[in-house]
Amino acid sequence: MIKLKGIGEYTAAAISSFSNNEAKAVLDGNVFRVLARYFGVEEPINSTGGKKIFTTLAQSLIENQQPSLYNQAIMEFGALQCKPKSPACQVCPVQLGCYALKHSKVDVLPVKLKKVKVKERWFNYFIGIKDGYILTKQRNPGDIWQQLFDFPLIETAEKPNADDPIL
Ligand code: SF4
């Protein structure tokens with residue numbers, strides 16, 4: 001199923017467990033949250049290491065369960081009980097074993113890495129060489145590579161082509 005176009009791990013696990021009762025643990029946002037809080041997993045859910053930990057943990061929990069029922073139950077539990085904001089901890093049926101509640105970490109779990117915004121910039125360098133010397137300049141504060149040395153440059157908004165007058 002996972003080889004089909006448009007079917008990711010989440011959908012494949014959901015379909016195979018709901019329709020065929022296969023022991024494939026579903027991992028959606030609700031499940032990540034429940035597992036992170038209850039077991040105290042502080043690894044970011046969107047890091048490579050975190051995904052491995054959560055996948056292994058989720059898969060170990062579904063063994064010996066009724067897969068379809070288990071997956072639907074934990075997803076619903078996350079959606080209705082262990083909600084992102086203001087989870088109903090005081091009436092939670094598993095509060096005694098919950099790591100996050102015990103350690104006052106309900107508000108900080110699960111951990112998610114912020115996506116780094118990648119900005120594309122085009123530096124067009126001029127290399128000046130005379131009598132064995134190379135012209136360099138020190139970079140200013142307030143930008144990347146502060147105080148380091150590079151060559152004189154012109155920054156352009158786009159990648160210049162060979163016909164560009166600055167070349
Ligand atoms: S006690 Fe609170 S944080 Fe822990 S599983 Fe229950 S609802 Fe979630």
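Which pattern does the protein chain follow when read along the sequence? The pattern is α-α-α-α-α-β-β-β-β-β-β, made up of five helices and six strands; helices (H or I, at least four residues) and strands (E, at least two) are DSSP runs, numbered from the N terminus. This is a predicted model, in which local features need pLDDT of at least 70 and side-chain atom pairs count only at pLDDT 80 or more, whereas totals for chains, interfaces and linings use all residues. Residues are numbered from 1 along each chain as its sequence is written.

**Overall dimensions**
- The protein chain has a radius of gyration of 26 Å, while a compact globule of 167 residues would have one near 15 Å (taken over C-alpha atoms; the globule rule is 2.2 Å times the number of residues to the power 0.38).
- The C-alpha trace of the protein chain spans about 80 × 40 × 25 Å along its principal axes.

**Ligand surroundings**
- Among the 14 residues around the ligand, C82, P87, C89, C92 and C98 come nearest (a residue is near a molecule if its C-beta atom, placed from the backbone, lies within 6 Å of it).
- Helix 2 (29–39) and helix 5 (99–102) are the elements that give two or more residues to this shell.

**G128**
- G128 is located in the loop between strand 1 (122–125) and strand 2 (129–130).
- G128 is exposed because 11 other C-beta atoms lie within 10 Å (exposed means 12 or fewer, buried 20 or more, and partly exposed in between, with C-beta atoms placed from the backbone).
- A distance of 8.5 Å separates the C-alpha atoms of G128 and P152, which are 24 residues apart along the chain.
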